[in-house]
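The following note sets out points for a colleague who is examining this model at the level of individual side chains.

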Amino acid sequence: REDLWVREGKILNPEKLFFDEKGSADIQLDCKDSIIAPGFIDVQINGGFGVDFSLATDDFKSGIDLVSQKILSHGVTSFCPTLVTSPPSVYHQVLPQISIRNGGAHGAGILGAHLEGPFISKEKKGAHPEHCLRTFEAGAFQDLLATYGSLDCVRIVTLAPEMKRSSEVIRELTKRGICVSLGHSVANLSQAEEAVQHGATFITHLFNAMLPFHHRDPGIVGLLTSDKIPVGRRVFYGMISDGIHTNPAALRIAHRAHPKGLVLVTDAIAGMGLAPGRHTLGQQVVEIDGLNTYIAGTKTLSGSVATMDTCVRHFQEATGCSVETALEAASLHPAQLLGIEHKKGTLNYDSDADFLMLNDSLYVQATYIAGEEVWRQDAFGM
C-alpha cells in the first residue's frame with residue numbers, strides 16, 4: 001500500500017528527502033496493485049537455456065551472460081553459477097572465467113561460484129560422475145586447492161562431511177569467507193553437527209542425495225531441529241521446490257520444522273527453458289521428460305528444469321504459507337546465508353534496489369536491478 005523510493009541504485013528513506021532536502025520524486029511509476037518484492041537470489045543453478053556451467057567451452061563467458069540475461073524474466077537478480085563434479089582441468093579452465101559482478105540490464109549479478117563436488121560420497125553421488133569423485137585423504141585443504149586451482153571467485157562449496165579430514169577443510173574454507181554446504185553425503189547426525197561446529201552453514205538440496213530421515217539417526221536432515229548448533233548460528237537448507245525432487249509433504253515437514261532456514265534453489269540444468277530431449281549436465285547426458293530430468297537411460301534425477309518463480313509458487317501452494325514467507329525463501333534467506341542481507345534480499349532503506357513487481361498469483365511482471373528496469377512482461381504475455 002506504500003511508495004517505494006529509489007535513488008542511485010539504492011532504496012531511499014524518503015524522510016531525508018522530504019525534510020533535509022525538501023525534494024520530491026523526479027519520476028513516478030504507478031505499480032497498478034503489483035506486489036513489490038526483493039529480487040530472487042539463486043544459490044544453486046547449473047546452467048540453463050542450453051548453457052552448462054560445468055562445460056569448459058571457448059565461449060563460456062557468452063554462455064554465462066546468456067543465462068544471467070534470461071533468468072531476469074524469472075525474477076532472479078543475483079545468482080551463484082554452480083559446477084557439478086568435474087575433472088580438475090574443467091575447474092582450472094572455467095573458474096578464472098567467472099567474475100563476481102553487479103547485475104544490470106546485461107543480466108543478473110554474479111555472487112560467486114558454487115562448487116558442488118567432487119569431494120562427495122560415492123553412495124550418494126546422484127547425477128555426479130563417479131570417476132571424478134575425490135577425497136581429502138592425502139593433503140586435505142591442499143588437495144582441494146589443487147583440484148579447483150583457485151578460490152578467488154568461489155562462494156559456496158558442497159562437500160560430504162563424513163570424509164576423513166573434512167573438518168580441517170571446512171575450517172579453512174570458512175576462514176576464507178566461503179560458505180560450506182553439506183550434501184551428496186551419507187553422514188550421520190553427529191558428523192553433520194560436527195561439521196556445523198566447524199563452520200558449515202548450509203545443506204545442499206535437503207532430502208536429495210542424503211540418507212533418508214531415520215528416527216534413531218536422522219542424518220543431515222536432523223540438523224533442522226538439532227540442539228547442537230552453536231549459539232547465534234543458523235543452519236540454512238536448500239530445497240528444490242519443483243513438485244518432483246521432494247514430495248509436497250516433505251516440503252511441509254521441513255518448512256514447519258525450521259521455517260527460517262529454508263532457501264529455495266532451482267538446481268536448474270542446461271535444459272531449463274528448452275524443449276524436452278537430451279541435454280548435458282557436466283560430464284553426463286541427461287534426458288528431459290516434462291519436468292523430470294534423468295541421467296540418460298536411468299531413473300536417477302539430475303537437476304531440475306524449474307525456474308525460480310515456479311519454485312516460489314509451488315512452495316507457497318504446497319505449504320499454504322503466506323506470500324511474504326514464500327518470497328523470503330527466495331530472497332531474504334539466501335542473502336542471510338551468504339551474509340549479504342544488508343545489501344540484498346530485503347526492501348530496507350539503503351539496500352540495493354533489486355526488486356520485482358509480481359501479480360497476486362506471484363507471476364513476475366517486471367524486474368529491476370539497482371533501480372533500473374531490466375525486464376518487463378509485455379502486453380502480449382511474451
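1. The model is predicted. In helix α4, which spans residues 141–148, the buried residues are F141, D143, L144, T147 and Y148. These residues lie on the same side of α4, because the arc they cover around the axis is only 155°. Q142 and A146, on the other side of α4, are exposed.

2. The surroundings of this helix deserve attention. The buried residues of α4 pack against two helices, α3 (88–94) and α5 (166–175), and against the strands β9 (113–116) and β10 (154–159). After α4 comes G149, which has a positive phi, near 90°.

3. The structure holds 7 aromatic pairs. One of them joins F119 and F136: the pair is stacked, because the ring centres are 4.5 Å apart and the planes stand at 15°. Both residues belong to the loop between β9 and α4, so the pair ties together parts that are 17 residues apart in sequence. F119 and F136 are both buried.

4. F119 also forms an aromatic pair with Y148, and this pair is edge-to-face, with 5.9 Å from centre to centre and 85° between the planes. Since F119 lies in the loop between β9 and α4 and Y148 in helix α4, the pair ties together parts that are 29 residues apart in sequence. F119 counts as buried because its relative accessibility is 1%. Y148 likewise counts as buried, at 1% relative accessibility. Ring pairs link F119, F136 and Y148 with Y91 into a cluster.

5. Which parts of the chain does the salt bridge between D352 and K10 link? The side chains of D352 and K10 meet with 2.6 Å from N to O. D352 lies in the loop between α10 (332–337) and β18 (355–358), whereas K10 is in strand β2 (residues 10–11). The pair thus links distant parts of the chain, 342 residues apart.

6. D352 counts as buried because its relative accessibility is 13%, under the 20% limit. K10, at 34% relative accessibility, counts as partly exposed. Both residues belong to a network of salt bridges that links K10, K344, D352 and D354. In total, the count comes to 14 salt bridges.

7. An α-helix has 3.6 residues a turn, so residues three or four places apart point the same way. K175 counts as exposed because its relative accessibility is 63%, while E172 counts as partly exposed at 23%.

8. E172 has a further salt-bridge partner in R176, and the closest N and O atoms of that pair are 2.7 Å apart. R176 is partly exposed, with a relative accessible area of 44%.

9. Charged side chains also sit over aromatic rings. K299 lies over the face of Y294, 4.4 Å from the ring centre. R313 is placed over the face of Y363, at 3.7 Å from the ring centre.

Terms used:
Residues are numbered from 1 along each chain as its sequence is written. This is a predicted model: local features need pLDDT of at least 70, side-chain atom pairs count only at pLDDT 80 or more; totals for chains, interfaces and linings use all residues. Side-chain values use heavy atoms; hydrogens and water are left out. Buried means under 20% relative accessible area, exposed over 50%, partly exposed in between (1.4 Å probe, protein chains only). Helices (H or I, at least four residues) and strands (E, at least two) are DSSP runs, numbered from the N terminus. The arc is that of the directions from the helix axis to the C-beta atoms. Contact means heavy atoms within 4.5 Å. A salt bridge is a side-chain nitrogen of Lys or Arg within 4 Å of a carboxyl oxygen of Asp or Glu. Rings of Phe, Tyr and Trp (its six-membered ring) pair if their centres lie within 6.5 Å; planes under 30 degrees apart count as stacked, over 60 as edge-to-face and the rest as tilted. A charge sits over a ring if NZ of Lys or CZ of Arg is within 6 Å of the ring centre and within 35 degrees of the ring normal.
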